[in-house]
Amino acid sequence: MAEIYHDDAADLGVLEDQTVALVGYGNQGRSQALNLRDSGVNVIIGSIQDHAAAAAKEDGFSVSNIAEACEQANIVMLLIPDEVMPEVFKTDVAPNLVPGNLVIFASGYNIAFNLITPADYVDVALVAPRMIGVGVRENFVSGNGFPSFVGIHHDATGNAKARMLAIAKGIGSTRAGCIEMSMHDEATLDLFTEQAFGPAFGRVLMTAIDLLVEAGYPPEAVLLELYLSGEFAYSFEKMREVGMMKQMDFHSRTSQYGTVTRSAQFVTLAEPIKEKMSAILDDIRSGNFADEWSIQQPKAAALFEKIREARDKMPLAKWDDATRTAFKIGDAG
Ligand code: NDP
């Protein structure tokens with residue numbers, strides 16, 4: 001069993017004499033900065049001069065360029081996109097790090113695949129929320145917390161762990177719990193979820209949509225049935241609350257009987273899915289994916305843009321918009 005830390009394992013007092021520079025004020029940066037400040041931590045922001053810097057100023061933070069913020073800080077938290085981080089680290093962060101500093105990553109990606117190698121004299125740690133940025137703030141404000149993956153990659157000072165856990169507490173994560181792991185495990189688990197579990201699940205959903213629309217059901221009804229009504233998402237939430245098996249009790253007896261008696265027909269799909277997933281995991285762990293996405297830029301970014309354009313032209317995008325508008329769902333509400 002991996003080590004799991006809660007509030008009682010962390011002491012915010014170790015941050016009393018520390019200045020924490022958050023580099024980047026986007027999804028994670030803004031939420032983590034507000035949470036740390038509310039926890040009594042001395043936070044400054046390092047940012048390029050963009051709308052994010054303006055937002056940070058409006059929120060009352062002291063904002064400077066990235067190099068200056070790192071120079072003033074004892075702890076630097078890197079909260080900019082992973083693919084731009086190596087360049088920013090090389091030019092603005094690394095030259096301003098001194099012995100005693102701690103660098104915190106919210107994703108193990110750049111360390112795991114040797115795209116960033118901090119000097120031996122700095123502490124390096126992971127505090128990777130298992131929560132989107134807006135949820136980091138909302139859960140802090142509501143008092144709920146959210147889990148994170150944490151880990152020490154390098155401890156030059158001997159107090160890397162105490163500071164890492166204090167930061168995890170300051171952002172509100174030890175309320176829920178933080179599980180210890182290596183940068184490599186965090187990065188590869190995350191990439192696997194995005195590249196294997198997500199697409200496999202998405203393919204099952206798209207297959208059902210195709211089949212039902214081809215069979216003559218109105219696309220709006222199909223999308224409502226499969227995901228837009230929120231019923232399926234609700235079942236997922238119940239899985240989280242009471243467990244995967246027990247949540248079945250919330251469904252009708254007809255539904256439960258049909259599910260358990262028909263599920264065996266899909267068992268033969270497990271092996272081919274596992275084979276594909278295993279190939280994707282190998283590709284991730286070998287560093288092939290990191291090479292494609294990080295080293296071979298801007299080729300990968302150009303491909304990504306093309307795929308995004310094609311995605312928005314799919315019939316599904318139109319059906320989805322029309323149904324959400326008709327039923328006032330989500331941002332169409
Ligand atoms: P964002 O995409 O929100 O970007 C953060 C900020 O970085 C933005 O203000 C952005 O400015 C700025 N930025 C973009 N390019 C550059 C550059 N070249 N130089 C300096 N600043 C730049 O990042 P996220 O918050 O989504 O991700 C930050 C880290 O957190 C990553 O390591 C990510 O893996 C990790 N993480 C993210 C999660 C999430 O839910 N988003 C969840 C868990 C971890 P602009 O807006 O102008 O582009």
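Start with the ligand: it sits in the second largest pocket. "Sits in" means more than half of its atoms lie within 2 Å of the pocket's grid points; a pocket is an open set of points on a 1 Å grid over the protein atoms alone, where a 1.4 Å probe fits, with protein on both sides within 12 Å along at least five of seven lines. You're looking at a predicted model, where local features need pLDDT of at least 70, side-chain atom pairs count only at pLDDT 80 or more, and totals for chains, interfaces and linings use all residues. Residues are numbered from 1 along each chain as its sequence is written, and side-chain values use heavy atoms, with hydrogens and water left out.

Next, select the shell: 22 residues surround the ligand (a heavy atom within 4 Å). Among the closest are Asn27 and Asp50.

Now zoom in on polar contacts (N or O pairs within 3.5 Å). A polar side-chain atom of Asp82 is 2.6 Å from a ligand oxygen. For Gln28, pick the backbone: an N or O atom there lies 2.9 Å from an oxygen of the ligand. His51 brings a polar side-chain atom to 3.0 Å from a ligand oxygen.

Then colour α1 (27–38), α2 (51–58) and α4 (85–93), the elements giving two or more residues to the shell around the ligand (helices are DSSP runs of H or I, at least four residues; strands are E, at least two).

Last stop, the strands. β7 (residues 123–129) and β8 (residues 148–154) pair antiparallel over 6 bridges (pairing takes at least two DSSP bridges), with Val127 opposite Val150 in β8. β8 also pairs with β9 (residues 178–180), parallel over 3 bridges; find Phe149 opposite Ile179 there.

How values were computed
Polar contact = N/O pair within 3.5 Å; in protein donor to acceptor, adjacent residues only side chain to side chain. 1 Å grid on protein atoms, 1.4 Å probe; cavity = no way out; pocket = protein on both sides within 12 Å on 5 of 7 lines; lining within 4 Å.
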